[in-house]
Amino acid sequence: MQAYVRLEPQSDVVELTDLPKPSPGEGQALVEMHAFGVGIHDRYFIPPTGPFPYVIGIEGAGVVAELGGGVDNVGVGDRVIVSTNMRPEGGTWGECAVVPAGGLSPMPDAMDFATAAGVTVAGKSAVESIHSLALTEGETLFVAGASGAIGTLVVQMAAGRGVRVIGSASQPNHEYLLSLGAEAAVDYRSEGWREDVLAWAAGGVDAALAIQPGTGASSQKVVRDGGRVITVSGDQEPTERGISVVPFVHRSDTGGEMEALIDDIAEGRIRLVLEGIYPFADAIKALEGCETRSARGKRVVTLPIAE
Ligand SMILES: NC(=O)c1ccc[n+]([C@@H]2O[C@H](COP(=O)([O-])OP(=O)(O)OC[C@H]3O[C@@H](n4cnc5c(N)ncnc54)[C@H](OP(=O)(O)O)[C@@H]3O)[C@@H](O)[C@H]2O)c1
């Protein structure tokens, strides 16, 4: 099978190569991949000890082709959302992937492969961030990096709960943020954007989600005394004015909320916006695009089988 791999831990070069088709072991399924999601993490999220060549990628969607023993949550022929997590079996950027049963969930009938491929990483990050921020109706939220993959979902989910959202992005993305349900938008490249947020929420917003690296400190400046900040990229910031600043951590208690988000997307209540759907041959171009941190929404790659 064809797959995109890292050949060694020392070099971050990703290349297309031919590998033998894998077989599922106990508790695993072989999935024929139809699409996979692309994120800035894909070049780096590999186990340090391999094995190499290591197939990159941690999310995707496909059809179950074969089962190992002891798998009872999916059957051959099922359309599945795939989540892998730097396991020795490798990731999702190939024509096939071996996936532990726990990394498979059913794709709603109304969802296409491209959408299903892009839902896991941004969706989980959005769900877990919103849960940890414990936002309540009528509160105000500032989202730094609101037009990207995670922000696109966070803005819609928060606004849908009656939270008043103000997002940051460059000016050409402001109409987009408003279309997602943000009440206001600021341009992080402009001198006065912090004052603009403080003019919108006197005394500061109740909470902030700092998605892009380096936005933790400036997000804290627009939060009210005693408010809360989560830094999705993990920025650690000294805190001021009684504000809690916490790096994002994965949660294990949000499975039900993730299922609800997948249903909301399948039924069209929330939009998973795809900035681009790339052919398999252009996967590296898609990855390099993500690395510019300029995507509006999510990038995904589809395989010829999905066409
Ligand atoms: N901790 C975890 O487990 C975890 C999980 C997932 C993701 N992450 C982190 O989350 C980040 C990626 O999030 P994502 O996929 O949503 O990003 P993304 O899709 O790459 O976001 C791109 C968007 O962010 C905007 N942007 C870029 N720099 C900005 C800045 N300084 N201030 C405000 N907006 C800015 C861009 O808007 P303009 O084009 O208008 O500038 C663009 O629309 C990464 O840093 C990753 O490490 C962490």
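This is a predicted model: local features need pLDDT of at least 70, side-chain atom pairs count only at pLDDT 80 or more; totals for chains, interfaces and linings use all residues.
Residues are numbered from 1 along each chain as its sequence is written.

As for the labels, helices (H or I, at least four residues) and strands (E, at least two) are DSSP runs, numbered from the N terminus. Two strands pair if DSSP finds at least two bridges between them. With that in hand, you can trace an open sheet of 3 strands in the order β2-β1-β4, with antiparallel pairing. Its edge strands are β2 (14-18) and β4 (54-55), each pairing on one side only.

Now hop over to another pairing. Strand β3 (residues 28-38) goes antiparallel with β7 over 5 bridges, and Val 31 has Ala 97 in β7 as its bridge partner. Strand β7 (residues 96-100) is mostly covered, with 4 of its 5 residues buried (that is, 20 or more other C-beta atoms lie within 10 Å of a residue's own, with C-beta atoms placed from the backbone).

Zooming out, the protein is assigned domain 1 (2-119 + 272-306) and domain 2 (122-247); such bounds come from an automatic or database domain assignment. Taken over C-alpha atoms, the centres of domain 1 and domain 2 are 30 Å apart. Domain 1 puts 8 residues into the contact and domain 2 puts in 9, where contact means that the C-beta atoms of two residues, placed from the backbone, lie within 7 Å. On the domain 1 side that touches domain 2, you'll find 3 nonpolar, 2 polar and 3 charged residues. Here Ala, Val, Leu, Ile, Met, Phe, Trp, Tyr, Cys and Pro count as nonpolar, Asp, Glu, Lys and Arg as charged, and the others, Gly among them, as polar.

So where does the ligand sit relative to domain 1 and domain 2? It lies between them, because both domains give residues to the shell around it. There are 29 residues around the ligand, and Ser 147, Gly 148, Ala 149, Ile 150 and Ser 170 come nearest (a residue is near if its C-beta atom, placed from the backbone, lies within 6 Å of the molecule). By class, the shell has 13 nonpolar, 14 polar and 2 charged residues.

Definitions and conventions:
A residue is buried if 20 or more other C-beta atoms lie within 10 Å of its own, exposed if 12 or fewer, and partly exposed in between; C-beta atoms are placed from the backbone.
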